[in-house]
Structures are given as C-alpha cells and as structure tokens.
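Please look through the model below with its helices, core and pockets in mind. The paragraphs that follow take these topics in turn.

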Amino acid sequence: MSFFMNNAANQPVNMQNMAMAEQELEMVSDLFNRIVSSCHEKCIPKTYIEGDLNKGEAVCIDRCVSKFFEVNKSVGTKLQQMSGAGLPM
C-alpha cells in the first residue's frame with residue numbers, strides 16, 4: 001500500500017501544500033549538494049589512490065558534515081530569533 005495513494009481518489013490535491021513540498025525538496029536538495037561539494041573539496045584529494053575512502057578521509061567527511069549541520073542549525077535559530085524580535089535580517 002502506498003503512503004501517497006491513501007484515499008487519493010476521494011481527496012483533491014491541495015496546490016499550496018504541493019508548492020510548499022516542492023520548495024522544501026528544492027531546499028533539501030540544495031543543502032545536500034552544498035554539503036557534498038564543500039566536504040568533497042575539503043576531504044578528498046584530487047587524485048584518487050584507491051577506490052574506497054581511507055579512514056582519514058572518512059573521519060574528515062563525518063566531521064565536515066556534522067559541522068555543516070551545526071552551523072546550518074545555528075544560523076536558522078538566529079534568523080528565527082531575529083524575525084521573532086522584529087529585527088532586520
């Protein structure tokens with residue numbers, strides 16, 4: 001049973017919800033692409049020696065992704081605080 005097809009014949013599509021879902025998907029895809037690009041550039045050498053990541057590269061990628069999410073969360077929190085207080089962004 002599909003999650004998306006549950007009572008789909010009886011319910012009209014809400015275009016506003018569809019637009020919001022599309023926008024959220026674009027934002028998540030953009031975030032993923034920026035993480036991949038940034039962490040690949042920082043952690044993976046330009047010339048590959050072996051097919052798999054070595055331990056140092058894997059640790060670097062883990063730390064890079066973690067830092068990226070921490071910063072993204074901090075910036076989001078700060079922007080919410082600023083918008084809630086009526087401060088210009």
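**Helices, pockets and core**

Helix 1 gives the lining of the second largest pocket its largest share, five residues, where helices are DSSP runs of H or I with at least four residues, strands are runs of E with at least two, and both are numbered from the N terminus. The model is a predicted one, in which local features need pLDDT of at least 70 and side-chain atom pairs count only at pLDDT 80 or more, while totals for chains, interfaces and linings use all residues. Residues are numbered from 1 along each chain as its sequence is written, and side-chain values use heavy atoms, with hydrogens and water left out.

The protein chain has two helices and zero strands. Helix 1 (15-43) and helix 2 (55-84) each contribute at least two residues to the lining of the second largest pocket, which is formed by Glu24, Met27, Val28, Asp30, Leu31, Phe69 and Asn72. A pocket here is an open set of points, on a 1 Å grid over the protein atoms alone, where a 1.4 Å probe fits and protein lies on both sides within 12 Å along at least five of seven lines; lining residues have an atom within 4 Å of a point.

The largest pocket holds about 190 Å³ of space, the volume being the space filled by probe spheres set on grid points joined across faces, edges and corners. Its lining has 13 residues, of which Ile44, Tyr48, Asp52, Leu53 and Glu57 are the closest to the centre.

Leu31, which also lines the second largest pocket, belongs to the largest nonpolar core together with Ile35, Cys39, Cys43 and Cys64. Such a core is a set of buried Ala, Val, Leu, Ile, Met, Phe, Trp, Tyr and Cys residues joined through side-chain atoms within 4.5 Å, buried meaning under 20% relative accessible area with a 1.4 Å probe and protein chains only. Buried residues make up 9% of the 89 residues in the protein chain.

How values were computed. Buried < 20%, exposed > 50% of the residue type's maximum accessible area, 1.4 Å probe, protein only.
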